[in-house]
Amino acid sequence: MHILITGGAGFIGSNLVEYHLAKGDQVHVVDDLSTGSEENLQQFANKSELRFDNADVLTWDGLDKAVGWADRVYHMAAVVGLFRVLAEPIKVLATNVAGCERVLRAAHAGKWMPQVVLASTSEVYGMGVYGQKADSADMMPAGATSNSFDPDSIPPFSEDMEPLVGSSSVSRWNYSISKLVDEAFGLSYARKYGMQVVVIRFFNTVGPRQIGRYGMVVPRFVRQAVAGEPLTVYGDGKQSRCFCDVRDTVAAMDRLSSNPESAGQIVNVGNAREISIIKLAELIREKAGSKSEIRFIPHIEAYGGEIFEEVARRRPNLDKFNRLTGFTHKWTLERSIDDLIARAREKGANSA
């Protein structure tokens, strides 16, 4: 197959590159390296099956040709990570929405229309009454958050649920809003032109090449535990998430995309196992054999004074995913953490 990956030098994108090269596919990557890194592709640099263009999908004049060459397009390029979302709210909307529409337009304009896989996010489910809100430092003392509801009453997020995104006056929701627009664009192209578009909503993917710089919790905890630094938990740590290893994620994406029944569908992709952030910190500390303390930081302090709305519980309903793929996960959370700790120590030894 001919595979085009926008944002292919990023975390999930570069793992898609590795996966498809291992299958013997021809892979073309375009990435402006704003969050991705050429280092993520370095191990594949000598492979003739890989082509890389350092370009912005918004302005790249080679997009039409590249899309026309492809059998499948993974559109991964986006502004991601809570720190970047809060710091660059305008760029989030402009890049995520305009970039997606440009890819879809190119796919429709070609001699044949490739399959398009649109990367979305569990963030589109939003928060609504299910969140925790920190309006000021007074409302958010260290180690505490407002908690006026029972998190256990929150059901798993299903693809047919109505989004409950917070107010557009809160910058963190710009990412969710942009991805909802992307989804609407993709499904509209599918309905109007018969394009094979599948929308994938990721739930907290973790694994090799992910960095904690933009707010991702697992690589931050791993780095801190290995370095013997305090593990910084934002809020009270009671918020829970479900983590899926990226090597399972990319294999599941291929399995899902290869099923014609997935066309025109929105599908959750993740792992159903749930863990609180405080339990995650304790698990990583234990796995690393670290004596690091766990330090609680109010959201408003962690995110530079921004009003922040926390999602108390985020777990996927995977019924549709299981029906379309029959996928069995190979990576447990413990195995992923062990692997990441080993990689962090190896990287530290090599830089010493």
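**Reading a helix pair and an aromatic pair**

Mentor: In this predicted model, the axes of helix α6 (residues 217-227) and helix α8 (residues 277-288) come within 9 Å and cross at roughly 40°. Residues are numbered from 1 along each chain as its sequence is written, and local features need pLDDT of at least 70, while side-chain atom pairs count only at pLDDT 80 or more. Side-chain values use heavy atoms, with hydrogens and water left out.

Trainee: How are α6 and α8 oriented to each other?

Mentor: Two packed helices are described by the angle between their axes and the distance between the axes. Here α6 and α8 are therefore oblique to each other, a word kept for angles that are not under 35 degrees (roughly parallel), over 145 (roughly antiparallel) or 65 to 115 (roughly perpendicular).

Trainee: Which residues make the contact?

Mentor: Contact means heavy atoms within 4.5 Å. On α6 the contact is made by V217, V218, F221, V222 and A225, and on α8 by I277, L280, A281, I284, R285 and A288.

Trainee: How many aromatic pairs does the structure hold?

Mentor: Rings of Phe, Tyr and Trp (its six-membered ring) pair if their centres lie within 6.5 Å, and planes under 30 degrees apart count as stacked, over 60 as edge-to-face and the rest as tilted. The structure holds four such pairs, and one of them, Y125 with F157, is stacked, at 4.8 Å centre to centre with 5° between the planes.

Trainee: Are Y125 and F157 buried or exposed?

Mentor: Both Y125 and F157 are buried, where buried means under 20% relative accessible area and exposed over 50%, with partly exposed in between (1.4 Å probe, protein chains only).

Definitions and conventions:
Axes fitted to C-alpha atoms, helices over the stretch in contact; angles between N-to-C directions. Helix = DSSP H or I, 4+ residues; strand = E, 2+ residues; numbered from the N terminus.
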